[in-house]
Amino acid sequence: MLPMPAHADIAPPDISSMQVERTDEGVFLSANLQFELPAQVDDALRQGIPMYFVAEAQVQRERWYWSDQHLGTASRYYRLSHQPLTRRWRLHISNTSFTSAGLGLALGQTYEHLEDAMAAIQRISRWKILEPGQLSSASGVSVQLRFRMDLSALPRPLQIGALGRSGWNLQLSRTQNLEPAP
């Protein structure tokens, strides 16, 4: 009998739970993401190279006579980095993309362990994805959540090396229908 590979017990990336809630303040999304960082990504992080992730929520209404109507899109950007001198992990979360000019307006949090920082990335709680005026009480509305690594934000040599390699590919997606308003 052949020995099992070391990565055989790792579950495939998945969005294990997703709740979409409609309130008077807007539409809120909560989700639990389950994934392991690929070995190449973990290695790059430990060498001090920041990694970027993007969560995108897209709201659409189904139409029988034409393509689906786009109601809105919300994006959340994550920047995870390791501070070798302090041996701490730094996570920045922003509603705008991180640019080369700096972090812009972002929520920053420091963690002692990588597992704690990953738990913060993997838990999306009451994220406002749509304003109340953008959604009518009609039915047939769906919300698609996509989570991926943003390879375009990596340093140029890593972008070239990561292109087409499965070890740098991390993508999750799930769609859920929104219950009509009472």
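In the predicted model, Arg126 is placed in strand E7, which spans residues 123-130. The phi of Arg126 is near 45°, a positive value in a residue other than glycine. Most residues other than glycine have a negative phi. With a relative accessibility of 40%, Arg126 counts as partly exposed, because values between 20% and 50% fall in that class.

A positive phi is also found at Arg87, where the angle is near 60°. Arg87 is located in a loop, between strand E4 (69-83) and strand E5 (88-94). The relative accessible area of Arg87 is 66%, so this residue is classed as exposed, the cut-off being over 50%.

Strand E1 (residues 14-23) pairs with strand E2 (residues 26-34) in the antiparallel sense, and nine bridges link the two. Among the bridged residues, Ile15 has Leu33 of E2 as its partner.

By residue class, the lining of the second largest pocket comprises five nonpolar, three charged and one polar residue.

How values were computed. Residues numbered from 1 in each chain as written. Predicted model: local features only at pLDDT ≥ 70, side-chain atom pairs only at ≥ 80, totals over all residues. Heavy atoms only, no water. Helix = DSSP H or I, 4+ residues; strand = E, 2+ residues; numbered from the N terminus. Buried < 20%, exposed > 50% of the residue type's maximum accessible area, 1.4 Å probe, protein only. Pairing = 2+ DSSP bridges. Nonpolar A, V, L, I, M, F, W, Y, C, P; charged D, E, K, R; others polar.
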